[in-house]
Amino acid sequence: MDTAEQPSAACPVCESTDTRLARVRSAFWHNDRLVVIEDVPALVCNTCGEQFYDDAAVLLIDRMRASGFPPEDAVRELRVPVFALGNIGVTDVPPREASSVATVLASEVLIRS
Ligand SMILES: [Zn+2]
């Protein structure tokens, strides 16, 4: 099927119809390992930036997760810088900012391409 001829789908989050089909990469924590999966077919919202995987992609990712992401199946490896917030506690941040911080950290788990 020619993906260019598919009608644009609405974003489930913001309902924008300004979406595109793209190949993206995402990062997942698997136990104590961070793994990256590239070339994932996804619907990407140009308005809010959310990415949505189709059922086939989710099934394949679930199979990879079930197999434990064996190192010999990796196509390459990345070096990833690790940062820490040190002694900054959540109580040092006003509640409104604290929730923003949590949102930013959660969204940074995804690596957008
Ligand atoms: Zn959206």
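Biologist: Is Phe 69 buried, partly exposed or exposed?
Modeller: In this predicted model, Phe 69 is partly exposed, because 16 other C-beta atoms lie within 10 Å. To be buried, a residue needs 20 or more.

Biologist: What about the phi of Phe 69?
Modeller: Phe 69 has a positive phi, about 50°, even though Phe 69 is not a glycine.

Biologist: Why would anyone point that out?
Modeller: Because most residues other than glycine have a negative phi.

Biologist: Which other residue has a positive phi, then, of about 55°?
Modeller: That's Asn 31, and Asn 31 is not a glycine either. Asn 31 lies in the loop between strand 1 (19–30) and strand 2 (33–45).

Biologist: Buried or exposed, that Asn 31?
Modeller: Exposed, because Asn 31 has 7 C-beta neighbours inside 10 Å, and the cut-off for exposed is 12 or fewer.

Biologist: Let's switch to Ala 42. Where is Ala 42 found?
Modeller: Ala 42 is in strand 2. Ala 42 is buried, because 20 other C-beta atoms lie within 10 Å.

Biologist: Which residues does Ala 42 touch, leaving out those up to four places away in sequence?
Modeller: Ala 42 touches Ala 22, Val 24, Gln 51, Phe 52 and Tyr 53.

Biologist: And what separates the C-alpha atoms of Ala 42 and Leu 21?
Modeller: A distance of 5.7 Å, while along the chain Ala 42 and Leu 21 are 21 residues apart.

Conventions:
Residues numbered from 1 in each chain as written. Predicted model: local features only at pLDDT ≥ 70, side-chain atom pairs only at ≥ 80, totals over all residues. Helix = DSSP H or I, 4+ residues; strand = E, 2+ residues; numbered from the N terminus. Contact = placed C-beta atoms within 7 Å.
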